[in-house]
Structure formats: structure tokens, C-alpha cells
Amino acid sequence: MLAAVLKAAPGRGVTVAACRRYSQAVGSGALQERLRVFERLWEQRGGSEQGGRPLKVSLGGGASLEGSAGVTRPLDLVQHARAGKGRVLVARVNGQLWDLRRPLEEDCELQLLDFDTAEGREALWRSSAVLLGGVLEAQWA
């Protein structure tokens, strides 16, 4: 079921509508509540996926890339920065850990972290635990 939802938005990540369809299909009360909270926060932020002002992303070593606030994600920049040097699991944006699919909000310094870093390992383990918890909740809730 989740695979069908994810295929509904190829290359764009998961949309609000796709999450709504998935939560209705699963029928979990906890999942419904999470979706209500997400939609409320989405509306508070303006509810738009449209881009904002231009931003500059510093990659270290003097390299930098241009992007758009609210649109450009660390995942979009991985191909430029890593060029096959490993699998990136999480980003550090201005010193804070940042999901690869979360859009950048302002000019920033970006570091890409893989499994060789403590933060990368923790991100993978936490994501795996959350995924397993979601599957168990959907099965037995």
C-alpha cells in the first residue's frame, strides 16, 4: 500500500494528499492524528511548495552552489557535492542535523554525512526504528 502512495508522486517526495490517502487506508487513529498536526503546521507555514528567494549553499573547500529557499534540498545537492563518494544519510546545515528531503530555508553551510560518521549511523538506526515502529503499529494497532 505505501509503495503505491509513494509512486503517486515520483521525484517529488510524499505529498500531503498521498499521506492522507495512506492514513485513510491504514485507518490508524494515531496516524490520523499525526496527519492532522502536519496539515495544521503546513497551513501555518503558508501551505505552499513554491520557492522563495535565491540562496547560497557553501559546501566547504571554497565550493558553493545556488538554490532557492523552500525548494532546494540537501538531497538535490548530493550529486554535485559527493560525486559517488558514498551514500549520504543526513546533512548538517549550519551545525544542525537536517533531513535530506527538508528544503533549505536560508544561506547556509552544508556538510553531507554518511555511515562513516556517528551522526550518519544514528540517523540510519533511528530511521530504521521509526519505520519498524510504523509497520508494527499499522499491523497491530
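In this predicted model, the bridge partner of Val57 in strand β5 is Cys108. That contact belongs to the pairing of strand β1 (residues 54-60) with strand β5 (residues 108-114), which run in the parallel sense and are joined over two bridges.

**The sheet and the helix across it**

Strands β1 and β5 are part of an open sheet of five strands, ordered β2-β1-β5-β3-β4, in which the pairing is mixed. Its edges are formed by β2 (63-68) and β4, each of which pairs on one side only. Averaged over the sheet and with direction ignored, neighbouring strands are turned by 35° against each other. Helix α5 lies across β3, β4 and β5, and the helix runs at about 120° to β3.

The loop between β3 (88-93) and β4 (96-98) contains Asn94, a residue that has a positive phi of about 50° although it is not a glycine. Asn94 is partly exposed, its relative accessible area being 43%.

**A nonpolar patch**

Phe115, Leu124 and Trp125 together make a nonpolar surface patch of about 310 Å². Of these residues, Trp125 is placed in helix α5, which spans residues 118-140.

**Salt bridges**

| Pair | Closest N to O distance |
|---|---|
| Glu33 and Arg36 | 3.0 Å |
| Asp76 and Arg73 | 2.9 Å |

Glu33 and Arg36 both belong to helix α3 (residues 29-44), where they sit three residues apart, about one turn of the helix. Both are partly exposed, Glu33 with a relative accessible area of 39% and Arg36 with one of 47%.

Glu137 has a relative accessible area of 23% and is partly exposed, as is Arg34 at 46%.

For the salt bridge between Asp76 and Arg73, the two partners fall into separate accessibility classes: Asp76, at 30% relative accessibility, counts as partly exposed, whereas Arg73, at 14%, counts as buried, because the limit for a buried residue is under 20% relative accessible area.

How values were computed:
Residues numbered from 1 in each chain as written. Predicted model: local features only at pLDDT ≥ 70, side-chain atom pairs only at ≥ 80, totals over all residues. Heavy atoms only, no water. Patch = residues over 30% accessible without salt bridge, like charges linked within 9 Å, V, L, I, M, F, W, Y side chains within 5 Å. Areas by Shrake-Rupley, 256 points an atom, 1.4 Å probe, with all protein chains shown as cover. Salt bridge = Lys/Arg side-chain N within 4 Å of Asp/Glu carboxyl O. Helix = DSSP H or I, 4+ residues; strand = E, 2+ residues; numbered from the N terminus. Buried < 20%, exposed > 50% of the residue type's maximum accessible area, 1.4 Å probe, protein only. Pairing = 2+ DSSP bridges. Axes fitted to C-alpha atoms, helices over the stretch in contact; angles between N-to-C directions. Contact = heavy atoms within 4.5 Å.
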